[in-house]
Amino acid sequence: MGKKVTIRDIARLAGVSVTTVSQVLNGKGNRFSKSTREKILKLRDEYQYVPDFHARSLIMRENINTIGVLVPNVSEPFFGTFVEGVQQVTRQEKLIPLIFSANRDPKLEKAYLEQMVERSIDGLIIASARMTTEMINQALINREIPYILFDRNYDQVGTRVQTDDYHGGQLAAQHLAELGHRKFLYLGVNHLTENFKQRLAGFKDSLLASHLSFNEDRDVLHTELSRQGGYKAAQAVAESGATAVFTANDDIAMGLLRGLRELKVRVPEDISVVGYDDIALDEYVYPQLTTIHQPIFDLGVGAAKILLDRIENKHQSEQVEHFPVRLIRRESTAPYHMV
């Protein structure tokens, strides 16, 4: 057969009903003769039959929930770990997660969202810097599909999981100030989303509250949101005169570490570096990265659990679940010693 083999094809070739084939293939065919079962299984293997998901759910009258997870880039360690947390819950609860990685392309995000709606998705987890609640609701119009917001869109109205980025910025500033540093730099991104704005605000406010100098026009640099971005910014960081730098996330920090090393700028002897997120790679770079820890895996677990609850109870009021952040001190920060 040149086309995809269906359950009806197997039934016709075996000379039995579709229901008989379905029950045999799903391990519920004990009431049929051994020869009938063997014939069906042989035809399945011979024609490499793969059950159609939607047809199977209709025939077996099973309610198999499918959720969609939309992230900017699943190849990034942060979002990869988040998705692992989501998958832990979906495995336990027998949900099927569809993961969509939009590469920070707003058109692709919108297209993926529309495709998920077309596939009668049961619920959504959305991490998008550009997609507003209004845009999401417009795409879901006339459909009661629950969704959870996560990461950069936590300033939007709606159910979400989030951490306190402002406090994370404060923790970074307090750590560097306690080490005796007095000349600081924030290495941020070209497009400041709400979470990055909050990290900068917490960092700045904490320094100013301690009567330390920090001026956004002078002490903030912007780069791409990637390791390459951190690497490219190394020259400007080295020339800034700062003895301590707080980066928008760990990826940027890792690129910066490599760039500074190539410039013969020692970390932490010449400059201390603090990242943000605490991704798994932090312990495997040199020097090991001091960072602000976010419970990334737990965020994925929490988002999936809340979504499952809202799938079962669609008329619940808005929920916001907060997760703590904390400083993880490693080797990339050290006390400042004036030369």
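Modeller: Gladly, and we can begin with strands. Helices (H or I, at least four residues) and strands (E, at least two) are DSSP runs, numbered from the N terminus. Two strands pair if DSSP finds at least two bridges between them. Here, strand β6 (residues 184-189) is paired with β7 in the parallel sense, with four bridges. Within that pair, Tyr 186 is opposite Val 220 of β7.

Biologist: Before we go on, what should I know about the model itself?

Modeller: It is a predicted model, in which local features need pLDDT of at least 70 and side-chain atom pairs count only at pLDDT 80 or more, while totals for chains, interfaces and linings use all residues. Residues are numbered from 1 along each chain as its sequence is written, and side-chain values use heavy atoms, with hydrogens and water left out.

Biologist: In what order do the strands of the sheet with mixed pairing stand?

Modeller: Strands of a sheet pair through backbone hydrogen bonds, either parallel or antiparallel. This open sheet has six strands in the order β7-β6-β8-β9-β10-β12, and its pairing is mixed. From one strand to the next, the twist averages 25°.

Biologist: Which strands does β10 pair with?

Modeller: Strand β10 (residues 290-293) pairs in the parallel sense with strand β9 (residues 272-277) over four bridges. With strand β12 (residues 326-328), β10 runs antiparallel, joined by three bridges. Follow Ile 292 to see both: Tyr 276 is opposite this residue, and Leu 327 is its bridge partner in β12.

Biologist: And what is the order in the sheet with parallel pairing?

Modeller: That open sheet also consists of six strands, in the order β2-β1-β3-β4-β5-β11. Its edge strands, β2 (96-101) and β11 (320-323), each pair on one side only. Neighbouring strands are turned by 15° against each other on average, direction ignored. Inside this sheet, β4 (residues 147-150) and β5 (residues 160-163) pair in the parallel sense over two bridges, and Phe 150 has Val 161 as its bridge partner in β5.

Biologist: Now helices. How far apart are the end C-alpha atoms of helix α8?

Modeller: The expected span of a helix is 1.5 Å times one less than its number of residues. For the 14 residues of α8 (residues 165-178) that gives 20 Å, and the end C-alpha atoms are 20 Å apart, which agrees.

Biologist: What caps the N-terminal end of α8?

Modeller: A polar contact is a pair of N or O atoms within 3.5 Å; within protein, one must be able to donate a hydrogen and the other to accept it, and residues adjacent in sequence count only if both atoms are side-chain atoms. Asp 164 is the cap: one of its side-chain oxygens lies 3.2 Å from the backbone nitrogen of Tyr 166. After α8 comes Gly 180, with a positive phi near 95°.

Biologist: Which residues of α8 are buried?

Modeller: Buried means under 20% relative accessible area, exposed over 50%, partly exposed in between (1.4 Å probe, protein chains only). The buried residues of α8 include Asp 165, Leu 171, His 175 and Leu 176.

Biologist: At what angle do α1 and α3 cross?

Modeller: Two packed helices are described by the angle between their axes and the distance between the axes. The axes of α1 (residues 7-14) and α3 (residues 34-46) come within 10 Å and cross at roughly 130°. Axes are lines fitted to C-alpha atoms, for helices over the stretch in contact, and angles run from 0 to 180 degrees between N-to-C directions.

Biologist: Last, which loop residues deserve a look?

Modeller: Look between β9 and β10. Asp 278 is in that loop, has a positive phi near 65° though it is not a glycine, and counts as buried at 16% relative accessibility. Pro 287 is found in the loop between β9 and β10 too, and the peptide bond leading from Tyr 286 to Pro 287 is cis, with omega near -10°. His 211, in the loop between α9 (194-209) and α10 (216-219), has a positive phi near 60° and is exposed at 74% relative accessibility.
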